[in-house]
Amino acid sequence: TDEKLYYDAYYALSKGETIDAADGLSQLLKLHPGNFQIVRLLAGLKRRTNEFTGALETLASATPETPRQAIALKSDECQLRIQLMQYESAIRLAREILPKARELSMKREELLILDALAQAHRNLGLLDETKVFAQEAFDSAEAHGFIRVQALAVSHLSAVAIKRGKYARASELVEVRESLLADSNDKVAMHQMALTRAENMAATGRPLQAYELLTKETIPRMRRDHNTYWEGYAKIVRAEVQRSLGNYEEAIEDCGSGESLFRTLKNQRLQSFAQVVCAETMMSAGHLEDARLLLTKARATRTKLNLQLILLQNSLLDAELLLLEGKAAEAYAIAEAVADSYQSRKLNNDKVVALDLMARSALGMDAPQKALRAASEAVQLGAAEHIELDISIRFTHLLAQQAVQAKDSKRAELQALQSEAREMGYKHLADQIAASLKVTNAP
């Protein structure tokens with residue numbers, strides 16, 4: 001019967017058996033073209049197979065018969081626009097339909113719309129708004145027993161905590177999410193939590209353990225599950241870890257592999273993410289022209305997608321490249337502007353990165369007092385729980401102090417910091433400190 005075909009397709013899709021679902025839906029559509037429920041399920045199938053534009057077109061072919069059906073279609077459209085990186089249009093649509101969903105007492109759709117608002121603001125880097133919508137989604141989902149939405153909200157809150165350097169809080173949130181999903185078979189959620197755990201390890205002084213987790217457990221599991229998105233993301237996270245460990249060629253290889261996977265998904269935002277991580281690694285390895293090409297590509301993509309906050313990261317790397325090329329004054333001006341932007345957004349951890357670059361640029365300008373002011377402010381703000389960043393800003397602060405005081409006045413402290421960096425596994429930083437010690441030891 002038609003009903004049996006529909007539910008067979010529904011359950012096949014819920015279990016990830018997309019071929020069986022497609023067969024069932026194809027038969028149903030021949031019998032009932034344009035049917036709301038069938039069209040919506042077909043759009044879900046296309047979304048599951050990363051055919052986001054096709055899914056949006058399929059939704060447009062449905063004719064809702066009731067106000068509730070219209071809201072459900074627009075809620076699905078919000079999710080698809082996020083997948084297509086149309087974040088502003090997703091936010092506008094979500095804000096338009098949220099009060100209507102509430103008026104019609106459509107609690108499930110209300111929660112999914114709140115999640116869409118959190119996700120879209122998160123992808124735009126608007127952390128305050130992300131936190132507000134995620135917390136509202138969590139509280140309402142908890143009150144009404146929607147565990148999946150609670151878990152999604154916790155994921156957004158965890159991402160905000162990581163961005164703000166609150167790694168202990170992020171770890172607590174991962175545990176909350178694990179307890180929420182303990183009885184589910186949500187592989188995507190498990191992949192997300194594994195990556196959060198690895199990122200926390202790398203930032204809090206355990207990059208070797210993060211590498212082991214990613215290499216031996218996380219990436220192989222994602223590959224077995226045929227989850228291209230999360231496998232690509234994990235490879236970029238591992239590339240960042242490899243860079244910290246000083247394994248530049250391996251990091252570049254991971255970036256290339258991750259970008260290739262994102263290209264198959266047509267995910268330009270994450271392609272630009274891979275390009276930026278690769279460019280940063282290439283700068284560390286001395287491949288400046290290759291880094292410039294990648295930064296140019298990433299900037300073009302992020303500009304097109306209007307990722308304004310994330311573009312600030314590009315600007316800092318542009319400044320880093322200028323500093324490496326000996327254009328310290330230009331680098332300082334860019335870093336100062338970026339620091340002001342982060343200040344206006346209350347992103348202290350990001351501002352610390354910009355201040356650190358300002359201090360290093362001022363040293364390159366032979367302006368030790370200016371360098372010391374920027375470095376002292378960075379140390380005063382602190383790096384929260386991000387140990388690698390903490391070592392980096394203390395290193396710059398020592399160099400600035402030494403430039404003001406005497407050539408070799410901070411040698412013992414630099415040596416101790418080098419030992420700390422090596423002990424933590426941050427070979428990239430340890431090598432930088434070693435190079436500075438050779439300079440201060442020169443006649």
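1. Ile113 is in contact (heavy atoms within 4.5 Å) with Ser75, Ala94, Ile97, Leu98 and Ala101, neighbours within four places in sequence being left aside. The model is predicted: local features need pLDDT of at least 70 and side-chain atom pairs pLDDT 80 or more, while totals for chains, interfaces and linings use all residues. Residues are numbered from 1 along each chain as its sequence is written, and side-chain values use heavy atoms, without hydrogens and water.

2. The largest nonpolar core has 39 residues, and Tyr87, Ile113 and Leu117 have the most contacts inside it. Such a core is a set of buried Ala, Val, Leu, Ile, Met, Phe, Trp, Tyr and Cys residues joined through side-chain atoms within 4.5 Å; buried means under 20% relative accessible area, exposed over 50% and partly exposed in between, with a 1.4 Å probe and protein chains only.

3. A second, separate core comprises 32 residues, including Val160, Leu323, Leu355 and Met358.

4. Four aromatic pairs are counted. Rings of Phe, Tyr and Trp (its six-membered ring) pair if their centres lie within 6.5 Å; planes under 30 degrees apart are stacked, over 60 edge-to-face and the rest tilted. Trp230 and Tyr233 form a tilted pair, at 5.7 Å centre to centre and 45° between the planes. The ring centres of Tyr233 and Phe273 are 5.5 Å apart with planes at 45°, so this pair is tilted.

5. Tyr229, Trp230, Tyr233 and Phe273 form one aromatic cluster. Trp230 is buried at 12% relative accessibility, and Phe273 is buried at 17%.
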